[in-house]
Amino acid sequence: MLALTAAATVAAAAPAARAATVRTGKPSTAARALAELRAGNARFAALREIHPHEDAARRAAVAVSQHPFALVLGCVDSRVPPELVFDQGLGDLLAIRSAGQALDEAVLGSIQFGVEELGVPLVVVLGHERCGAATAAVEYVRTGKPVEGHLARVVEEIAPAARATRGLPGDWVENTVRANVARIRGRLARDEAFGKARIAGARFDLDTGKVAFDPS
C-alpha cells in the first residue's frame, strides 16, 4: 500500500514538473528561437523530452490561429522529423520537407509564407547524416548515369554541392551534405523575400541525435 501511495504521489507531481519546464510565451527574435531549438534538441539527444504543447488547450488554441516561432527546411527522411528532433509541439514549428532540402517554387513559396505572413524570425536549413538524396547526387556525379523520373530534379539540385566537394578529404557524401546546406542557406539569405528572417544552417547526427548549427 505504501509503495502504491508513493507511486501515485510521484505520478501526480509529474505533470506539474513537466509544465514547469515548458516555456511561457513565443520566442520573438531569431536569437531566442535558436536558443529554444538548441534547448529542445539537447533534451531530445539526452532522451529527456518534455513533449510540450500537446494537450487539449494547445490543440484548441492553434485551431484558431498559428504562430510558429521558427521554420525548418528539412529532408523527407523519416528519421529526421523536426518536431521530434527539437522537442516541440503543435504550432511551434513550420516544417517544410523535401528530399535533400531541394528547392523549387513550391518550397520557396512556402518559406516566404512563413516569413512574410506568419512572421517567423528564424529559418533553419537542416541537413543530416547519411542522406540518401546526397548519396544519389554523389553517385550521379561519379558515374554520369542519368537519374530517371522525378528524382532527377532532386539530384540535379544537389549535384552542384557534390561537384564542389569532389576530391576533398573525408567522406564525399558527408561533405556534400554540408556543402548543400551551405549552398541552400546562401541562396535563401540572398533572396529579398526572406530578408526579414535569419537564415541558419544545421546538420543532424543520426547516431547521437544532436544538431550542430551552421556547419561549414
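In what order do the 5 strands of the open sheet run? Colour the strands (E runs of at least two residues in DSSP, numbered from the N terminus, just as helices are H or I runs of at least four) and you'll find β2-β1-β3-β4-β5, with mixed pairing.

Before going on: this is a predicted model, where local features need pLDDT of at least 70 and side-chain atom pairs count only at pLDDT 80 or more, while totals for chains, interfaces and linings use all residues. Residues are numbered from 1 along each chain as its sequence is written, and side-chain values use heavy atoms, leaving out hydrogens and water.

Next, select β2 (93–97) and β5 (211–213). These are the edge strands, each with a single partner, so one side of each has no neighbour in the sheet.

Now pick β3 (122–128) and β4 (198–204), which pair in the parallel sense over 7 bridges; pairing takes at least two DSSP bridges between strands. Click Leu126 and look across to its bridge partner in β4, Ala202.

Contact means heavy atoms within 4.5 Å.

Last stop: helices α6 (132–143) and α7 (151–165). They pack at about 70 degrees, with axes 8 Å apart. Axes are lines fitted to C-alpha atoms, for helices over the stretch in contact, and angles between N-to-C directions run from 0 to 180 degrees. That makes α6 roughly perpendicular to α7 (65 to 115 degrees). Show side chains: Ala133 and Tyr140 are among the α6 residues meeting α7, whose own contacts include Ile158 and Arg163.

Definitions and conventions. Parallel < 35°, antiparallel > 145°, perpendicular 65-115°, else oblique.
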